[in-house]
Amino acid sequence: MGFTSLAFLVFFPIVLAVYLLLPGRFRAVWLLAASYAFCASFGLSYLLVLLGSTLVTWLCGLGIERGRTEEKESPSGEDVLSGSNSRGRLLFWAVIAFHVIALGFFKYNRLGLLLPVGISFYTFQAIGYLADVRSGKTRAERNLLNFALFQAFFPKLVQGPIERSGNLLAQIRTLPEKKVRDSERIRSGGLLLLWGLCEKLLIADRIAIPVNAVYGQFGHFGGVEIALTTVLYAFQIYCDFAGYTDIARGAAQMLGFELLSNFRRPYLADSIQDFWRRWHQSLSSWLRDYLYIPLGGSRKGQLRRAVNLMITFLVSGVWHGTGFHFLAWGGLHGLGQIAEITGKRLFQGKEKQGGKRGLPKFVKQILVFLFVDLTWMVFRANSVGDLRGMLWIIVTDFRLKDFAGMQLTGFEWLLILLGILAVVCKDLANERGIAFRQWILSRNAVCRCAIYTGLVAAIVILGVYGAAYDTSQFLYTQF
């Protein structure tokens with residue numbers, strides 16, 4: 001029951017309607033039941049894995065907090081890698097090992113077992129929660145119902161964002177007193193949800209057609225088609241993942257929750273570091289707070305900083321997938337950041353000596369996009385061998401060979417162009433502080449209804465659907 005399925009379009013309105021009518025003390029129970037039903041719709045075994053992970057994490061969180069309070073001799077403010085050999089510390093590392101081994105087993109097993117839906121996201125969320133309990137940043141949740149909902153909350157279950165206890169769990173704790181019948185918030189969330197569906201069904205899924213055709217049989221195409229679809233893939237993965245996030249955040253907002261933002265105009269970044277502050281923000285901040293900083297961050301010299309960066313990005317690559325090309329993708333971003341930091345330090349030294357100023361911002365933005373797009377090619381390739389073959393064709397046979405084989409009509413190419421233009425214009429406007437959603441919500445009822453109707457009509461008429469309206473899954477579901 002993906003977000004773009006007909007089943008979800010029936011499921012969510014029912015969940016929302018009942019939720020708005022229920023007394024406060026029953027809301028958490030209803031949302032948890034809905035979340036478990038949502039998870040079970042992908043497979044009952046997936047729900048059992050989620051239940052096991054939730055129970056282990058909840059019990060160990062309580063144990064870790066109890067052990068931490070017993071460490072009277074430990075200094076305050078210690079990070080998650082320090083502390084005495086107490087029961088709490090040993091339990092913490094034991095449960096971290098449990099989660100890592102479980103995630104690794106399901107991701108890399110050769111038994112034919114499918115990856116349980118959302119496991120990469122709720123596992124990292126559980127590890128972050130335990131680290132916060134261990135460091136004293138948050139208290140262990142004693143209410144199993146609240147914690148179970150924190151782990152299973154259906155809008156963010158499949159693809160995140162990777163939530164923090166200080167955000168989502170804190171909101172769940174206040175759920176009985178929360179004002180949920182807020183028409184303005186429901187309208188705002190509904191509009192965000194509609195925009196997410198547009199990103200997914202009008203743009204990402206239509207771009208997927210030529211990308212899949214070329215990357216699936218690249219030997220039939222010339223270098224022009226490969227280069228074109230590589231650029232298109234940058235917008236496909238952005239609109240696909242940002243579309244999911246917007247649907248998730250919109251649905252959550254309609255239920256009275258604010259989820260973490262995952263994107264902030266990433267293709268307007270003017271450095272690789274800036275890109276990772278804008279792209280998949282919940283994962284980037286998780287890796288920073290629970291891996292990079294505990295490893296020492298930038299506090300132990302330039303060499304150690306470079307090693308820590310490379311470890312962090314290699315872990316990011318492994319988290320995304322099992323192929324060597326995912327590891328290479330992470331490594332390239334690690335090398336890119338190391339080179340950028342080194343170059344910036346050298347340039348600042350020359351600038352102090354009266355050297356030339358740096359490149360204009362728009363030039364840096366173009367260069368960063370080209371680097372990111374090249375690494376997306378590594379990410380998207382089916383194997384290292386395919387990647388090598390596609391690069392060879394671009395270098396030796398850069399011509400238009402089989403444009404018709406990309407399986408789109410002229411009208412569909414026009415729709416792709418208009419869709420990408422809409423996304424770029426929205427991001428440029430947002431970067432300058434212009435919020436289209438707030439502008440729409442401030443219009444009168446007739447204008448708002450016309451816009452909503454137009455978006456719905458575009459989704460229904462122009463959306464890309466598979467057989468029997470079984471839309472393609474979101475890309476990050478496989479990770």
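Q: Why is Asp 205 called buried?
A: Asp 205 has a relative accessibility of 5%. Buried means under 20% relative accessible area, exposed means over 50%, and partly exposed is in between (1.4 Å probe, protein chains only). So 5% puts Asp 205 in the buried group. Before we go on: this is a predicted model, where local features need pLDDT of at least 70, side-chain atom pairs count only at pLDDT 80 or more, and totals for chains, interfaces and linings use all residues. Residues are numbered from 1 along each chain as its sequence is written, and side-chain values use heavy atoms, with hydrogens and water left out.

Q: What makes Asp 205 and Lys 200 a salt bridge?
A: The term asks for a side-chain nitrogen of Lys or Arg within 4 Å of a carboxyl oxygen of Asp or Glu. The closest N and O atoms of this pair are 2.9 Å apart, so Asp 205 and Lys 200 pass the test. Lys 200 is buried too, with a relative accessible area of 0%. In total, the structure holds twelve salt bridges.

Q: How do you know that Arg 173 and Glu 141 form a salt bridge, and what does the pair tie together?
A: Arg 173 lies in helix H8, while Glu 141 is in the loop between H5 and H6, so the bridge ties together parts that are 32 residues apart in sequence. By the way, a helix here is a DSSP run (H or I, at least four residues), numbered from the N terminus. As for cover, Arg 173 sits at 22%, which makes it partly exposed, whereas Glu 141 is buried at 4%.

Q: What makes Arg 277 and Asp 274 a salt bridge?
A: Their N-to-O distance is 3.9 Å, so this pair also meets the rule. Both lie in helix H11, three residues apart, about one turn of the helix. Arg 277 counts as partly exposed at 47%, while Asp 274 is buried at 7%. Arg 277 and Asp 274 also belong to a network of salt bridges that includes Arg 265, Arg 278 and Glu 431.

Q: Why does the phi of Arg 265 get a mention?
A: Most residues other than glycine have a negative phi, and most peptide bonds are trans. Phi of Arg 265 is near 50°, a positive value in a residue other than glycine. Arg 265 is found in the loop between helix H10 (223–254) and H11, and its 18% makes it buried. Gln 407 has a positive phi as well, about 70°. Gln 407 lies in the loop between helix H16 (384–396) and helix H17 (410–431) and is exposed at 54%.

Q: Which peptide bond is cis, and where is its proline?
A: The bond from Gly 160 to Pro 161 is cis, with omega near 10°. Pro 161 sits in the loop between helix H7 (154–157) and helix H8 (165–173).

Q: Why is Gln 337 called buried, and what does it touch?
A: Gln 337, in helix H14, has 5% relative accessibility, so it counts as buried. A contact means heavy atoms within 4.5 Å. Leaving out residues up to four places away in sequence, Gln 337 touches Ile 272, Gln 273, Trp 276, Leu 309 and Phe 313.

Q: What makes helix H12 "mostly covered"?
A: Ten of the twelve residues of H12 (281–292) are buried, among them Trp 286, Leu 287 and Tyr 290. The buried residues of H12 pack against helix H5 (119–135), helix H11 (272–278) and helix H13 (302–320).

Definitions and conventions
Helices (H or I, at least four residues) and strands (E, at least two) are DSSP runs, numbered from the N terminus.
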